[in-house]
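Please walk me through this structure by question and answer. I am new to it.

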Number of protein chains: 4
Amino acid sequence: MQLTEKQPTHKEDHTLATRLTTEPVAQNISATERYLKIRSQTEALCAPLAVEDMGVQPMEGASPPKWHLAHTSWFFETFILKAFGADYQTFHPMFEHLFNSYYNGVGTPYPRAARGNLSRPTVAEVQAYRRHVDARMGDLLEVQGDNAEIRKRLDLGMNHEQQHQELILTDLKYNFGHNPLHPVYRSDLYRPAAGHAQELTFSSYAAGMTSVGATEDFCFDNELPRHPVYLGAFQLADRLITNAEYLAFIDDRGYHNVSHWLSDGWTCVGQQGWQAPLYWKLLDGSWCEYTLSGLKPLVANAPVTHVSGFEADAFARWAGARLPTEHEWERAAGEHSVSVFANLLEADYLHPQPAPTGAGVKQLFGDGWEWTSSSYGPYPGYRALAGTLGKFMASQLVLRGGSCATPRDHIRHSYRNFFYPPDRWQFSCIRLARDL
Amino acid sequence: MQLTEKQPTHKEDHTLATRLTTEPVAQNISATERYLKIRSQTEALCAPLAVEDMGVQPMEGASPPKWHLAHTSWFFETFILKAFGADYQTFHPMFEHLFNSYYNGVGTPYPRAARGNLSRPTVAEVQAYRRHVDARMGDLLEVQGDNAEIRKRLDLGMNHEQQHQELILTDLKYNFGHNPLHPVYRSDLYRPAAGHAQELTFSSYAAGMTSVGATEDFCFDNELPRHPVYLGAFQLADRLITNAEYLAFIDDRGYHNVSHWLSDGWTCVGQQGWQAPLYWKLLDGSWCEYTLSGLKPLVANAPVTHVSGFEADAFARWAGARLPTEHEWERAAGEHSVSVFANLLEADYLHPQPAPTGAGVKQLFGDGWEWTSSSYGPYPGYRALAGTLGKFMASQLVLRGGSCATPRDHIRHSYRNFFYPPDRWQFSCIRLARDL
Amino acid sequence: MQLTEKQPTHKEDHTLATRLTTEPVAQNISATERYLKIRSQTEALCAPLAVEDMGVQPMEGASPPKWHLAHTSWFFETFILKAFGADYQTFHPMFEHLFNSYYNGVGTPYPRAARGNLSRPTVAEVQAYRRHVDARMGDLLEVQGDNAEIRKRLDLGMNHEQQHQELILTDLKYNFGHNPLHPVYRSDLYRPAAGHAQELTFSSYAAGMTSVGATEDFCFDNELPRHPVYLGAFQLADRLITNAEYLAFIDDRGYHNVSHWLSDGWTCVGQQGWQAPLYWKLLDGSWCEYTLSGLKPLVANAPVTHVSGFEADAFARWAGARLPTEHEWERAAGEHSVSVFANLLEADYLHPQPAPTGAGVKQLFGDGWEWTSSSYGPYPGYRALAGTLGKFMASQLVLRGGSCATPRDHIRHSYRNFFYPPDRWQFSCIRLARDL
Amino acid sequence: MQLTEKQPTHKEDHTLATRLTTEPVAQNISATERYLKIRSQTEALCAPLAVEDMGVQPMEGASPPKWHLAHTSWFFETFILKAFGADYQTFHPMFEHLFNSYYNGVGTPYPRAARGNLSRPTVAEVQAYRRHVDARMGDLLEVQGDNAEIRKRLDLGMNHEQQHQELILTDLKYNFGHNPLHPVYRSDLYRPAAGHAQELTFSSYAAGMTSVGATEDFCFDNELPRHPVYLGAFQLADRLITNAEYLAFIDDRGYHNVSHWLSDGWTCVGQQGWQAPLYWKLLDGSWCEYTLSGLKPLVANAPVTHVSGFEADAFARWAGARLPTEHEWERAAGEHSVSVFANLLEADYLHPQPAPTGAGVKQLFGDGWEWTSSSYGPYPGYRALAGTLGKFMASQLVLRGGSCATPRDHIRHSYRNFFYPPDRWQFSCIRLARDL
């Protein structure tokens, strides 16, 4: 098996290649330039929104765009400006309370579930807050830009902001996708022609030792330490499961047959009344899907997305396969990360796209986060960054590979995302694995 | 007892009298003029708000201002324009679903608890909806303005809109009052000087027959039929209970002594953690109260407001008294309604004010809705308007007299408002009664 | 209209008359004899039960028989033996905690919802507790039996025990009625032959003053003070609504038509999935009803029972009528109470029976508690017994007349029972009223 | 490090060794003998109980002893007697509904949460059911005892019954432990003298490959397939954490310091109000612990038990260590299983005991189930038995080693028990691990 074939190639996709309007953030620019670029990218994502859209929290887990704008600024204010800025004046004394989402032992953060009630501060006030933080950050970096601890926190803050870029899109989609008017975020997003997907094939991996964990300069603490693991022989599907394939599961009464489901998943199906992925709607007998371009006919050969971990697992069992472990996924992804043309945020589809043709494992990066069967826990020998304890939760699953809403320079082969098995509002997809 | 002394007089209150900026809607103007005046009054109430404030629903019962603007328009559109307008074109086919709060057997209204998630339609779109409806209503009234059924529905629609005017203010207050920034709705609202209230006295009413129910041209169906009732001798307090008096209840550990409370009320105290009225806050050892002018020191001689029916009942029992029945209240209010200078919406305080001095029963109208001990049910011989069934609920109490947020020509001596005993977000106050 | 005709007569019902096995407790016996008779009556109700049946609490509101046995003993122990018994030794120090259902400011009563978890004390231990209390009560009454306060508390305790006699039967029925084995409490209960009920007629009452409230020596505090009320002219149905009549409501899709229902009732129908009265079951296309004799075919002309206040109200509206107020009911019941042959506990049917034929209002006492439209509140001038505050709850309705499980000398024309509108596990029935 | 030292030795514990009253079930007896021995062992566990204790379900997860008695019989009836017994007559047609806890696509099992409401069938009827099943099983085994499929199902059924033996004890303990009377299950259970535990030491294990999974004839499907895993170097504590050590965590305000806790665990602490392990009570300033012998002073050097997975994890983090993975535990346990003198069910303590002295890893088997950090999922290559799908749940943790309530011939080195991280009612204990 040639691991070099593993990356999605998309090389033929000239249409895609030529319409990249947002350049990936280059690595050779100055820290300040990179900071400002990422900050403006966040704001660009909000540009198509009405003021009204900025404040809505359609469920506890989906914060308002305005809150994301303020919270990411609070991060830089708290961990850099207050810590290192001489005579730094807080923008507003109450913002610490309103926009802190961390346990910190000092006071009580504003209740997460009530973020959508904060009509004040207004959007204009939050934008003023951002400009204030950006100006002070510029001043500080000019003077102390070489301070190693500041550089470390700056990297962390920028990656943190990129995480919230993705959440702005998925939280907004949850809002719009539940509005009976089916609002359009952007009507200019590219929609592929329908067509048949290549038949599902699998690549094989021999049993043996492999190493997992971060190899790059920047990573989150949950990717460390890099360490060896033994993997039995396995196969990994060469592409993501398509809407057409998932529809066969539905048509086979997959949601009504307990034998496909984990116990907790079956309970979830009953309680939530699941009959299809999150944004699917049956209109006049035809399946449609809400996308950020509005309600559209389902594209048969595009990846099924917005499925829960329970649905991914049940589909896999129905299909005679299973979900990969996160280590299997990482072995397939190799030590290098992402090709230029993966369907990540900068590709500007904002929706998973049909797999390119050709041999080998495709779509490992971008398109949609891939559910694994691995429970989210610390790696052996893990050392937490001070103040970040508690992030390993006992009942979440790891997802890998990034999605169409993940910034290109944010994703890595060792990147571990994590959500609860019932969660469906991320761009989450299915890749199958099998024992050999 | 002189019933002629019963009305609040406020006559000395020249300051109040001269600053009435909003004229009560005159009765001698044309139907169209009155319609437009009430419609613009609703919009005037929203004028001080930011766009962000228009969409927030801080609890299920408190709808966003934008929803109120749309819902009241939907009422005219549905019951007049669609019913009587030749060739009337619906403004938007989905607004029926979004802005209907009635059971109608056709489809399912949009879930009440999710109104705050509707970032679309935008405020501007809702305003366009209002202009559309107003224009078509003008056209229709010009031609069919003498149609008796249309006039009847027009009256109903205008009174319905006035109900929502009050809700716009109380729902907004709930939103702002729970925002840690304590936003100010209007800073120009008059605030009275502190001072001692006149000692609490009672007026006496002999036992005997009395008649209750509507005497005026327009009323809601729950005020009919007017009918006789027998009342034992009773006394009614001459003014509302003040903040100072309620504070004495708190200081006497009123919230911690089960013997003052109804069983369900005691359960409520425990579950909700009540320690004081809704908007009271203890800051540095001093009680403050959130008002539409922001957080202000508590005014000792102003009426306590935003208390639940359970708190009103417990206070009364602690005070060796009881709440009046709705019939006792109505007997005291007499057959005529409201004096010119009562503290209603047009007085433009938007907060209960200290009682005027002088003999007799004061503050019956305006200032705050007065909890009664009467369960909300139909009068003997009640006939429901078609389609309004179901409004009599089994576990609500009647409140009487209107508040500082009630339009002057909306309130009557026979007017029956109704809320659940735990509800606190209306301008609800306490008047005591006693057996003789 | 002849008020003298209003009582149920049952005179022709020789079968019933001759099979009275349990004599009503005579008034001319000594206090001790009466005490012991009532105590043994309680135990006789438990005689048909297995030990296993004694501990089950099938819902929070339905306590285990064993708890009733202990709680009623705790009442005598606490309010008489501890208060008046020289050197009285408590049977067990923890029973105060386990079997007290009152707020008393001292400690926390054992959680009501967990009574079914108390496998200890055993039934035998509770019976020993009863014998201990009875022996001490005998000693005390021998010496202090003329003490007026003791006599008063004794009366209260005996009436309290009678209330729990009824609850033992209804709580047990709830348990058995939800067991898929449909256990039989007693197979020897008389079952009437089917037959058609007399057509529903109404008696008329002219408008005028009437007095309501207790006239007898013993009553509960909620029946006082007796006081005058004015009633408009009304009509009262001459008998209870039958199963056949209620079936017509069901067949007319009464549970699916919102226009019959109070708002809260409609919500209840949806949440609870009500399709019929509590113990009705459709077996092979025929309606059956769980009774204390097991699952039986529905008797068409017997009263419908185990309906909620919401269902009673909806049925009445569907039928073009309404529920009576409690005062209307009491006017019809007159100042005297119950005839010898009413279907009360001693009639030993333990199920509502078809109305006797003949003119006039029948079934006012016994058969089933009759839902009224009256909210349960204190009478004007009410004075609570010390320690009994809190029993007036804000959202319960009054029921009148007693049921087939009410001891004969417990019920009165002024007796006010009260339950929440959704409650269905009592023998609750429907009598219609109309305005004239 | 000598792996041969890993087993608990208890050899010195003559007191323990000599008081074994219940012989482990020998392997060389006939299938019928073994079946009857296990069946009677189940009943022996219920012998000290009152009839009242047999029906109580103190929480949804803790079924009544009577239900366990019936459910285990239902297992043999359904999977052996109905499947293989010629002309087998079902004992009662409704028992399938009442005592089936499996999804089977046919009908709906009786609601788990309502098992405590089933006062019928009575205990005597359930015992008759057991006798019926045992008699028919004897007949069947006499004729078809060599049938391989029957033998397989018989093994499964006996192991299933042993699982329920442990649950009878832990469910009963939950009931008694929440009864204010603190009932005693058996007063004759041995209680060790207090004393200091040996200092906590760790055994070291070098990095390398190891194999995990079943090696014995009988195992559950979740122990297969046996497969290789790579483990980094680690250390494992030589004994379980003691009450004294856990008390130090409490005294250090471990329950009040968020930094020790997983996010979900911290939420749990707040919601449940945890301040100590499940059965600890502070009486007059001294810690006591409810045991099956009643409320007893805490034994300092006995293992802390009845802690949740969250508490175990938080303690480990506080102690600068971590929980072991299930594979680390299994490596330490080796391929052989349990020594004769481990504190398992037959040792008849029914409570974890202080570790024996001496070198090496002790208490691996018995005393208490040991929480691991491993999420409960299928092994690579897992093949489910037909009909047992759905047992792998997404959010449970694996526990290893058995407890003082586990039958000796039920536990194995490869045995995987699993509970949710908040669960505390099993005999669950803490063993620490560390990275090397």
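This is a predicted model: local features need pLDDT of at least 70, side-chain atom pairs count only at pLDDT 80 or more; totals for chains, interfaces and linings use all residues.

Tutor: Residues are numbered from 1 along each chain as its sequence is written, chains are lettered from A and ligands numbered from 1 in the order in which they are written, and side-chain values use heavy atoms, with hydrogens and water left out.

Student: How many helices and strands does chain A have?

Tutor: Helices (H or I, at least four residues) and strands (E, at least two) are DSSP runs, numbered from the N terminus. By that rule chain A has 10 helices and 12 strands.

Student: What percentage of the residues in chain A is buried?

Tutor: Buried means under 20% relative accessible area, exposed over 50%, and partly exposed in between (1.4 Å probe, protein chains only). Chain A has 436 residues, and the buried share of them is 59%.

Student: What share of the contacts in chain A with a separation of 6 or more comes from residues 24 or more positions apart?

Tutor: A contact means heavy atoms within 4.5 Å. Of the contacts in chain A with a separation of 6 or more, residues 24 or more positions apart account for 79%.

Student: What area is buried between chain B and chain A?

Tutor: The size of an interface is often given as the accessible area lost when the parts come together. Buried area is that loss (1.4 Å probe), summed over both parts. Here 30 residues from chain B and 30 residues from chain A take part in the contact. Carbon and sulfur atoms hold 58% of the area, which comes to about 2,200 Å².

Student: Which residues in chain B lose the most area to chain A?

Tutor: Three residues together give 30% of what the chain B side buries. They are E52(B), R120(B) and L181(B).

Student: How many salt bridges are there between chain B and chain A?

Tutor: A salt bridge is a side-chain nitrogen of Lys or Arg within 4 Å of a carboxyl oxygen of Asp or Glu. D53(B) and R120(A) form one, at 2.5 Å from N to O. The count between chain B and chain A is 2.

Student: Which helix supplies the largest share of the side of chain B that touches chain C?

Tutor: The contact takes 29 residues from chain B and 29 residues from chain C, and the count of salt bridges between these chains is 0. On the chain B side, β3 (227-231), α8 (263-272) and α9 (309-318) each supply at least two residues. The largest share, 4 residues, comes from α8(B).

Student: Is N243(B) buried or exposed?

Tutor: N243(B) sits in helix α7 (residues 243-251) of chain B. Leaving aside neighbours within four places in sequence, N243(B) is in contact with residues including W280(B), E289(B) and L298(B). With a relative accessible area of 1%, N243(B) is buried.

Student: Which elements do the buried residues of α9(D) pack against?

Tutor: Helix α9 (residues 309-318) of chain D is mostly covered, with 8 of its 10 residues buried. Among the buried ones are F310(D), E311(D) and F315(D). In chain D, the buried residues of this helix pack against α7 (243-251), α8 (263-272) and β8 (369-375).

Student: How many residues apart in sequence are the parts that R39(B) and D134(B) tie together?

Tutor: The two residues form a salt bridge with the closest N and O atoms 2.7 Å apart, and both R39(B) and D134(B) are buried. R39(B) lies in helix α2 (residues 31-46) of chain B and D134(B) in helix α5 of chain B, so the pair ties together parts whose separation in sequence is 95 residues.

Student: Which residue forms a salt bridge with R120(D)?

Tutor: R120(D) lies in the loop between α4 (95-99) and α5 (123-144) of chain D, and its partner lies in the loop between α2 (31-46) and α3 (65-84) of chain C, so the pair joins two chains. Both residues are buried. The closest N and O atoms are 2.5 Å apart, and the partner is D53(C).

Methods:
Buried area is the accessible area (1.4 Å probe) that two parts lose on being put together, summed over both.
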